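Here's a quick briefing for anyone meeting this model for the first time. Have a look at the structure, then read on.

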Amino acid sequence: MHLHLFYFKSSYIFANASSFLLITELWPLVVVESHASLRSELYWPLLTLTAGDSDLPSEIYWNSVLPNTPMPQAVKNSLRPGSTAVEIGKWTDIGVSRGGTFFYRYAATEDQLHDDPSVALFFLEKDMRPGTKMNLDFMKNTNEATFLPHKVATSIPFSSDKLPEILDQLSMKPESVEAEAIKNTLIDCERPGIKGEEKYCATSLESMIDFSTSKLGNKGVKAVSTEVENKSQKLYRIAAGVEKMGGDVSVACHKMVYAYAVFYCHKIAATRTYMVPLVGRDGTKAKAVALCHTNTMEWNPKHLAFQLLKVKPGVPICHFLTQDQIIWVVSK
């Protein structure tokens, strides 16, 4: 299956098996292509290919709510990816297994301890100083799924009790690897957060904006993501100019494995957020977002970070964000 995202300059077409309807509203376009066709009653926007560089409605909404907030690269990538097609078979190999490192309730598996490249992203706050050398893998997530238009996203079910309907609409076989990934994401989105965590899975950029600003307000809000020049570089040292951003409350949004862009967003208290300049061994640079959790008492005692750093719950834990994650803070 492939998801194709295209953009309209002034109009687009909705179509089902027997009719076409011209809509004059500005929207991006999603075409789902698979060996099995979608059910005819599921309407999807279709392409006119007059797209250009006109603002998408999501971008217009961003600018209206957050006029002084630059859009981070992770958001831009989920609106206008480098490729217009996302092969679902491609992203299942990077996220079907359970227990993402940002889920604090999960214990680390043996595979994670030995093979998960995200382990290098954890560190102690005392080590965040110029000159510190780190072996980091800012995994460029192969999940390049893009946001659906808000109206389309809200028209599609997003709950585990609607899983058969979701799979039917996406033309996925219930026993497929893709279906297992969809189910796992729905379960993780519905599971209660740990104590003090307020969470929400955003199925559109508009809903991500609404959740984040409902928790932080929209005055002085800043959204940032990690940016890396050389995606294959792994040996870095921290350069001068580490910058603390915001106060002790933030909203972090992590891209989930799904057929279109879905972000697991959660408000986290007792945190400190930093922008950390890095220089690779080859001279290339990175601007990495680091999030330090000052209260880890509610985390699983066997969480990956504790085992890796050989510390116990309660010790502050820091980690870098990968390139597809977004942190929202209130600037001082």
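What follows covers confidence, overall build and a few charged pairs.

This is a predicted model, where local features need pLDDT of at least 70, side-chain atom pairs count only at pLDDT 80 or more, and totals for chains, interfaces and linings use all residues. Residues are numbered from 1 along each chain as its sequence is written, and side-chain values use heavy atoms, leaving out hydrogens and water.

**Confidence**
- The protein chain averages a pLDDT (the predictor's confidence in each residue, from 0 to 100) of 77, and 70% of the residues score at least 70.
- Residues 1-53 stay under 50, and pLDDT is also below 50 over residues 82-101.

**Overall build**
- The chain has nine helices and 19 strands, taken from DSSP runs (helices H or I, at least four residues; strands E, at least two) and numbered from the N terminus.
- Of its 332 residues, 51% are buried (under 20% relative accessible area; exposed is over 50%, partly exposed in between, with a 1.4 Å probe and protein chains only).

**Salt bridges**
- There are eight salt bridges, each a side-chain nitrogen of Lys or Arg within 4 Å of a carboxyl oxygen of Asp or Glu.
- Lys 234 pairs with Asp 137 at 3.6 Å; both lie in loops, so the pair ties together parts 97 residues apart in sequence.
- Lys 234 is partly exposed at 41%, while Asp 137 is buried at 17%.
- Lys 215 and Glu 198 meet at 2.7 Å, linking helix α8 to strand β9.

Conventions: Contact = heavy atoms within 4.5 Å.
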